Amino acid sequence: MKKVFLLGVAFCLAMVAHAQKVAVIDMEYVLKNVPAYESANEQLKQVSEKWQKEVEAKNEEAKIMYKNYQTEVVFLSDEMKVKKENEIVAKEKEANDLKRKYFGPEGEFYQKRTSLVKPIQDEVYVAVKQVADTKGVQVVLERSSS
């Protein structure tokens, strides 16, 4: 036990001997105080809401088609049932495809966010790097938000 304790103390002393200047940055705070970032977020919010309404409208159309199908199903021939079911499935697929197009991993929202926000983040990165270089900071950490 004493060996482990002594080894720990030796390690801590070695770390102190080679101490580096460390800075902590709160990116959330910095970005909230950049007007261009707030403007970009507002644009993203508006576009997102517009696209979300389009997707919801397609889903609503599919739900209405399904409700109509349920009320008419007793009067339909087998052939007509299959046709109506296929139309409903196609409408649901259309809604899912639209959602994926807008909000998927490589969707239009991601691309728009990248085009609007990345230049601002790059500017902040350059500014942080310049300050770190002038102050002799070797390590810059970002404070994670809660």
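K91 sits in helix α4, which covers residues 78-103 (helices here are DSSP runs of H or I of at least four residues, numbered from the N terminus). The model is a predicted one, so local features need pLDDT of at least 70 and side-chain atom pairs count only at pLDDT 80 or more, while totals for chains, interfaces and linings use all residues. Residues are numbered from 1 along each chain as its sequence is written, and side-chain values use heavy atoms, leaving out hydrogens and water.

Is K91 buried or exposed? With a relative accessible area of 16%, K91 is buried (under 20% is buried, over 50% exposed, and in between partly exposed, using a 1.4 Å probe and protein chains only). Setting aside neighbours within four places in sequence, K91 is in contact with K58, E61, A62 and M65, where contact means heavy atoms within 4.5 Å.

Next come the salt bridges (a side-chain nitrogen of Lys or Arg within 4 Å of a carboxyl oxygen of Asp or Glu). The structure has 10 of them. One of these pairs K58 with E94, with the closest N and O atoms 2.6 Å apart. This pair ties together distant parts of the chain, as K58 is in helix α3 and E94 in helix α4, 36 residues apart. K58 is partly exposed at 21% relative accessible area, and E94 is partly exposed at 34%. Within helix α4, D97 bridges to K93 at 2.9 Å between the closest N and O atoms; the two are 4 residues apart, about one turn of the helix. Through shared partners, salt bridges join K58, E61, K91 and E94 into one network.

Helix α3 (residues 35-72) also packs with helix α5 (residues 108-135), at an angle of about 175 degrees and with axes 9 Å apart. Axes are lines fitted to C-alpha atoms, for helices over the stretch in contact, and angles run from 0 to 180 degrees between N-to-C directions. That makes α3 roughly antiparallel to α5 (the term applies to angles over 145 degrees). Residues making the contact include Y37, L44 and W51 of α3, and F109, L116 and I120 of α5.

The largest nonpolar core has 9 residues: I25, M27, L31, Y37, A40, L44, V117, I120 and V124. Such a core is a set of buried Ala, Val, Leu, Ile, Met, Phe, Trp, Tyr and Cys residues joined through side-chain atoms within 4.5 Å. Helices α2 (27-32), α3 and α5 each give two or more residues to this core. Apart from it lies another core of 5 residues, among them V47, W51, L98 and Y102.

Note on methods
Angles under 35 degrees count as roughly parallel, over 145 as roughly antiparallel, 65 to 115 as roughly perpendicular and the rest as oblique.
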